Amino acid sequence: MEENVKYKQIFQYTYPISGEQPKKEFLGSAQNRQCIFCKRGKSETSFKKDAHIEPAALGNRSLFNYNECDNCNEKIFSKYENDLLNYLQLERILIRGKPRNGSPKYRPINSKSFITSTPGTNQVTFL
Ligand SMILES: [Zn+2]
C-alpha cells in the first residue's frame, strides 16, 4: 500500500467553521513567487490577490497560498470552486459554516421551499 502513495503531507492546519479565526498564514514563498499550477513567475503574471488554499465559502478565512497566481485563481479555478460549492451546498448548510455573505441556502429548481442555517448557531431551517 505504501508504495502507491504519490503525495505527501506538507502542512496541517485546522480552522474553525465559525467564530474567531486564527491569524492569516501563507504557504510558499513571498519573495520567490511562482505559480504552482501554470509555473509562471512574477514577471509573467500577477500575485495581487490572496489565494485561499481551501475556498472561503467552506470556512477558510486564514490559510492562503503565495504560489497561486491571480489568473489561475480567478479565471481557471473559480469555475471549479463554484461547482464544488454547489455540490456541497447541503453539507455547508448542515455544518452551519459561515459563508462569505449571509447564510447558505439550498433551493431545488422551481421550488418555493428551501433549507438554510444560521452560522454560529445550531439552527437549521426548512421552509
Ligand atoms: Zn498560475
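The legends below describe close-up views of a predicted model.

View 1. The zinc ion is coordinated by the SG atoms of C35, C38, C69 and C72, at 2.3 to 2.4 Å. Because the angles between these four donor atoms at the zinc ion run from 105 to 116 degrees, the arrangement is tetrahedral. For comparison, the ideal angle for four tetrahedral donors is 109.5 degrees.

**View 2. The donor residues along the chain.** Read in sequence, the donor residues of the zinc ion follow the spacing C-x2-C-x30-C-x2-C.

**View 3. Helix 1, its length and its kink.** The 18 residues of helix 1 should span 26 Å at 1.5 Å a residue, and its end C-alpha atoms are 24 Å apart, so the two values agree. Helix 1 also has a kink of about 55 degrees, which is centred on F77.

**View 4. The buried residues of helix 1 and what covers them.** D70, C72, N73 and L85 are buried in helix 1, and the elements that cover the buried residues of this helix include strand 2 and helix 2 (89-95).

**View 5. The two domains of the chain.** The domain assignment divides the chain into domain 1 (21-87) and domain 2 (96-127), and the C-alpha centres of domain 1 and domain 2 lie 27 Å apart.

Notes
Residues numbered from 1 in each chain as written. Predicted model: local features only at pLDDT ≥ 70, side-chain atom pairs only at ≥ 80, totals over all residues. Heavy atoms only, no water. Donors = N, O, S within 2.8 Å, 3.2 Å for Na, K, Ca; no water. Tetrahedral: all angles 85-135°; square planar, octahedral: opposite > 155°, others 65-115°. Domains from an automatic or database assignment. Helix = DSSP H or I, 4+ residues; strand = E, 2+ residues; numbered from the N terminus. Expected span 1.5 Å × (residues − 1). Bend = angle between axes of the 7 residues up to and from the residue. Buried < 20%, exposed > 50% of the residue type's maximum accessible area, 1.4 Å probe, protein only. Contact = heavy atoms within 4.5 Å.
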